[in-house]
Amino acid sequence: MDVRDRIVVVTGGASGIGAALARRFAEEGAAHVVVADLDEGNAEAVASEIGGSSARVDVSDGGQVAAFVDHVLARHGGIDLYCSNAGVAVGGGPEAPDDGWQRSWDVNVMGHVHAARALLPHWLERGEGYLLGTVSAAGLLNHIYAMPYGATKAAALSAMEWLAMAYGDRGVKVSALCPMGVRTPMLAGDPTGMLDPEAISPEEVADAVVAGLGDESFLILPHPKVATYSERRGADHDRWLHGMRRLRRQIDEALAAAGEGA
Ligand SMILES: NC(=O)c1ccc[n+]([C@@H]2O[C@H](COP(=O)([O-])OP(=O)(O)OC[C@H]3O[C@@H](n4cnc5c(N)ncnc54)[C@H](O)[C@@H]3O)[C@@H](O)[C@H]2O)c1
């Protein structure tokens, strides 16, 4: 898909990757970009910068997403590309609080489900539509310090695959955006700093998205090495887990040494 002259929605568009996508789609000549976020003020700021519009939407609330999609359809006559990008990062393991697990599921998985539920009738009727889901490399490779994040991003990838399988023959296109570290407020909140050395800018992610939408490839991998790691995981799961344990040990040791030095 070329976004020129298209009606585009970006959730989580007030910050980070979503804001970069909204700006880039406007530069690429989109007819209109709707910036949706819980953060009304920053959504409005991004929208006014690019001549778009904004809305306060909680993507974890199916009623709000349905009303929002209906509103955009009524106002603009269609939605060509819906970027379901809003997400939350909750770290820790099984001990992470239930509300963190629940929020991870509600935003990182149900956000996509609510979007698909609201959009499919429109897209199936006209035989065309594009859903870009921001997942994460964690959807393919897990996250050694964040079980709620890794588990819900794997579920998000599965949801995207499911939609591609079920509706691909009926004109609905689906892509899953799976970056490693991206320099955004979310990454700044990661106390391990493990993804910092190879982190890229949100604008570089937007470059990869424009190219990936052009190719209409299911996986959009702004860090190409994610494809190699994913192949290794598929080829020998035990060997891959062994490598992930070794990585975790190395980071644990580096964090402990940094703590002692502080
Ligand atoms: N930053 C990274 O390293 C990285 C890597 C891989 C994937 N991702 C994914 O990219 C997406 C965007 O993350 P980011 O790094 O730009 O983070 P960010 O924190 O800068 O932006 C996330 C935005 O989502 C909004 N949001 C959160 N919950 C919401 C909800 N319930 N309804 C509506 N909006 C909501 C926030 O208000 C915020 O504006 C997320 O899905 C994240 O998991 C980020």
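**View 1. Pairing of strands β5 and β6 in a predicted model.** Strand β5 (residues 129-134) and strand β6 (residues 172-177) run parallel and are joined by six bridges; two strands pair if DSSP finds at least two bridges between them. T134 stands opposite L177 in β6. Strands are DSSP runs of E with at least two residues, helices are runs of H or I with at least four, and both are numbered from the N terminus. Residue numbers start from 1 along each chain as its sequence is written. Because the model is predicted, local features need pLDDT of at least 70 and side-chain atom pairs count only at pLDDT 80 or more, while totals for chains, interfaces and linings use all residues.

**View 2. The open sheet of seven strands.** With parallel pairing, the strand order is β3-β2-β1-β4-β5-β6-β7. β3 (53-56) and β7 (219-220) each have a single partner strand, so one side of each is left without a neighbour in the sheet. Helix α3 (residues 62-76) packs on the sheet and touches β1 (7-11), β2 (32-37) and β3 (contact: C-beta atoms, placed from the backbone, within 7 Å). The direction of α3 makes about 160° with that of β2; axes are lines fitted to C-alpha atoms, for helices over the stretch in contact, and angles run from 0 to 180 degrees between N-to-C directions.

**View 3. Helices α1 and α9.** The axes of α1 (residues 16-27) and α9 (residues 202-215) come within 8 Å and cross at roughly 55°. G16, I17, A19, A20, L21 and R24 in α1 meet P202, E203, V205, A206, V209 and V210 in α9.

Definitions and conventions:
Two residues are in contact if their C-beta atoms, placed from the backbone, lie within 7 Å.
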